[in-house]
Amino acid sequence: MTDSPKPPKHKPWSDIDLNRWRDYEEIKTDSLWLYSNRASGDGHKLDYHGNFIPQIATQIFSRYSRKNDIVLDLFLGSGTSAIEAARLERRCIGVELKPELADYVRAKIDPELLNRRIHVVQGNSANPEIVPRVSGILRQMQADHAHLLMLHPPYADIIKFSDRPEDLSNAPDAGSFLDGFETVARHGFELLAPGRFAALVIGDKYANGELLPLGFWCMERMNRVGFKTKAIIVKNIEGNEKGKGRTANLWRYRALAGGYYIFKHEYVIVFFKPK
Ligand SMILES: C[S@@+](CC[C@H](N)C(=O)[O-])C[C@H]1O[C@@H](n2cnc3c(N)ncnc32)[C@H](O)[C@@H]1O
């Protein structure tokens, strides 16, 4: 007589069957993520300076959402979250400030999914009007709330994404950047279902010889709006590296001369919204 298989055991926010926990070798549970390259194919490409590697979305979506769940990304950029949501059979609402980029992402999405399972909204995530706009789309999708929140803001002014004043990369100083980020985080908090998760992808910066820990400051702003911190993951930035050779040597010289370290990591910080 063979044992009858156990019924799946999973959390309400995940499809991982805890009875088969040994079978999920590809799912990370350690807080140090080292990737030697960026995943490509399935619609993913390095077509936008400042996009995150698809593996971040793969890991976070696989652990913290279920099939057909709605992922809300309030800094959609070139659409990595939207493409990965489609691939993993999640739904997605993404908000991006730049109209030409929003159009570009729409063109990358399978027309069968666009405006049904995948929605690309052009707008300012720091403007309060984004909450009723996204809520309206959630209602069309027969949902009250999103099930997972992704936030990958500009790392202050490290990369300037546009000339628009509402663009967080144009905030005049770190304090204004953090205030703008906190407003977006508050909108995300309102739109996310209680008991669900949020992931913030962010790196730090140097200014005037001083390290500005944007990652920890943004984490603290997330806590201010009500999110509880679940994990701080350190991820290498090897997969996005472009400068090699002479430029790398120049940075090494500057680091030695200035007494600082060259950033080789960024953070993926995981939060939950209490029930
Ligand atoms: C770091 S990138 C996100 C990249 C994205 N994760 C990807 O993989 O392509 C940040 C994006 O936020 C957008 N952005 C900046 N300020 C914004 C705002 N107030 N509302 C919405 N989007 C904004 C920028 O135009 C930029 O595309």
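Predicted model: local features only at pLDDT ≥ 70, side-chain atom pairs only at ≥ 80, totals over all residues.
Residues are numbered from 1 along each chain as its sequence is written, and side-chain values use heavy atoms, with hydrogens and water left out.

**Figure 1. Overall fold of the protein.** The protein has seven helices and ten strands (DSSP runs of H or I with at least four residues, and of E with at least two, numbered from the N terminus). Its radius of gyration, taken over C-alpha atoms, is 19 Å, close to the 19 Å that the globule rule gives for 275 residues, so the protein is as compact as a globular protein of that length. The globule rule is 2.2 Å times the number of residues to the power 0.38. The C-alpha trace spans about 70 × 50 × 35 Å along its principal axes. Of the 275 residues, 48% count as buried (buried is under 20% relative accessible area, exposed over 50%, partly exposed in between; 1.4 Å probe, protein chains only).

**Figure 2. Salt bridge between glutamate 182 and arginine 221.** A salt bridge is a side-chain nitrogen of Lys or Arg within 4 Å of a carboxyl oxygen of Asp or Glu; by this rule the count comes to 16. The side chains of glutamate 182 and arginine 221 meet at 2.7 Å, N to O. This pair links distant parts of the chain, with glutamate 182 in helix α5 (residues 174-191) and arginine 221 in helix α6 (residues 214-225), 39 residues apart. Both glutamate 182 and arginine 221 are buried.

Figure 3. The closest N and O atoms of glutamate 220 and arginine 224 are 3.1 Å apart. The two residues are separated by about one helical turn, because they lie four residues apart in helix α6. Glutamate 220 is partly exposed, at 35% relative accessible area, as is arginine 224, at 49%. Salt bridges with shared partners join Asp179, Glu182, Arg186, Glu220, Arg221 and Arg224 into one network.

**Figure 4. Salt bridge between glutamate 129 and arginine 133.** The closest N and O atoms of this pair are 3.6 Å apart. Glutamate 129 is partly exposed, with a relative accessible area of 34%, and arginine 133 is partly exposed, with 35%.

**Figure 5. Patch of positive charge on the surface.** The patch gathers Lys6, Lys9, Lys11, Lys230 and Lys275 (residues with over 30% relative accessible area and no salt bridge, like charges joined within 9 Å). Lysine 9 is in the segment before β1 (32-33) and is partly exposed, with a relative accessible area of 49%.

How values were computed:
Patch = residues over 30% accessible without salt bridge, like charges linked within 9 Å, V, L, I, M, F, W, Y side chains within 5 Å. Areas by Shrake-Rupley, 256 points an atom, 1.4 Å probe, with all protein chains shown as cover. Lys, Arg positive; Asp, Glu negative; His and termini not counted. Charge placed at Lys NZ, Arg CZ, Asp CG, Glu CD.
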